[in-house]
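These are my notebook entries on a structure that was new to me. I record in turn what I looked up.

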Amino acid sequence: MSGRNTRMAQWLDYRVRVTISDARMLVGTFMAFDKYMNVVLADCEEFRKIKSKGRKDDEKEVKRTLGFVVLRGETIVSLMAEAPPPSGPKKPDIQPGPGRGQVAGRGMPAAPLSSAPAGLSGPVRGVGGPAAIQMQPKAGGALPAPGGAPPGMPPGFPARPPGMPGMVPPGMPGMPPGMPPPGMPGMGRGMPPMGR
């Protein structure tokens with residue numbers, strides 16, 4: 001496999017003539033190839049022969065400029081070198097730079113930012129969301145006094161509907177396990193025993 005690759009690599013940058021399976025010929029600069037023999041040609045021109053309708057002996061060759069072409073290796077019938085690579089003056093070697101990367105900028109100065117740019121620092125005061133005073137914790141306890149309104153309710157709002165007894169959260173002292181909450185008759189005798 002590597003022998004074939006080195007044999008193909010020797011023709012890189014040559015002007016080549018490639019014949020493909022539909023009898024067209026493509027002439028271009030051989031730029032690249034891969035293990036499937038897919039070929040890349042630059043400055044490519046296509047030549048095809050067209051038979052005239054009157055006489056069968058008379059064939060006309062039509063040329064078309066294609067440019068950059070990738071040919072599927074499956075369609076290639078032959079590849080021939082036409083001209084060696086241009087032997088013009090070589091480009092001078094590029095000297096290495098200072099050795100550090102520099103940000104491109106993208107239209108903004110590349111200065112270090114002490115704070116977030118405008119529009120990225122968070123919500124603007126007065127637009128959307130609750131006011132800052134509403135987000136502050138209330139002074140005093142979070143639990144209401146017995147019989148009082150829960151926090152956040154307007155003054156004069158009843159703590160619970162009239163006639164509704166106070167309820168103790170589950171697991172709190174004062175309520176035997178397995179008993180229904182006060183004010184909920186007919187709940188039976190509680191949970192069935194575990195393990196049966």
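In which strand is Asp 43 found? I located Asp 43 in strand β3. I took helices (H or I, at least four residues) and strands (E, at least two) as DSSP runs, numbered from the N terminus.

Entry on the source. I noted that this is a predicted model, in which local features need pLDDT of at least 70 and side-chain atom pairs count only at pLDDT 80 or more, while totals for chains, interfaces and linings use all residues. Residues are numbered from 1 along each chain as its sequence is written, and side-chain values use heavy atoms, with hydrogens and water left out.

Entry on the whole chain. I found 2 helices and 5 strands, and along the sequence they follow the pattern α-β-β-β-β-β-α. Of the 196 residues, 12% count as buried; buried means under 20% relative accessible area, exposed over 50%, and partly exposed in between (1.4 Å probe, protein chains only). The chain exposes about 16,900 Å², of which carbon and sulfur atoms supply 60%; this area comes from the Shrake-Rupley method with a 1.4 Å probe. Among contacts with a separation of 6 or more, 41% join residues 24 or more positions apart, where contact means heavy atoms within 4.5 Å.

Entry on the sheet. I read the strand order of the open sheet of 5 strands as β4-β3-β2-β1-β5, with antiparallel pairing; two strands pair if DSSP finds at least two bridges between them. The edge strands, each pairing on one side only, are β4 (59-71) and β5 (76-83).

Entry on the strand pairs.
- Strand β1 (residues 15-20) and strand β2 (residues 25-33) share 5 bridges, and Val 18 has Leu 26 as its bridge partner in β2.
- β2 and β3 are joined over 7 bridges, with Val 27 opposite Glu 45 in β3.
- Strand β3 (residues 39-51) pairs with β4 over 11 bridges, and Ile 50 stands opposite Lys 60 in β4.

Ala 23 has a positive phi of about 75 degrees although it is not a glycine, and it is exposed, with a relative accessible area of 61%. The hairpin of β2 and β3 has 5 residues between the strands, and Met 37 in its turn has a positive phi of about 65 degrees. I returned to Asp 43, whose phi is also positive, near 50 degrees. At 56% relative accessibility, Asp 43 counts as exposed.

Entry on the rings. How many aromatic pairs does a search of the whole structure find? I noted 2. The rings of Trp 11 and Tyr 14 have centres 5.1 Å apart and planes at 85 degrees, so this pair is edge-to-face. Rings of Phe, Tyr and Trp (its six-membered ring) pair if their centres lie within 6.5 Å; planes under 30 degrees apart count as stacked, over 60 as edge-to-face and the rest as tilted. Trp 11 is partly exposed at 30% relative accessibility, and Tyr 14 is partly exposed at 22%.

Last, I looked up Arg 17, whose charged end sits over the ring of Phe 47, 6.0 Å from its centre. A charge sits over a ring if NZ of Lys or CZ of Arg is within 6 Å of the ring centre and within 35 degrees of the ring normal.
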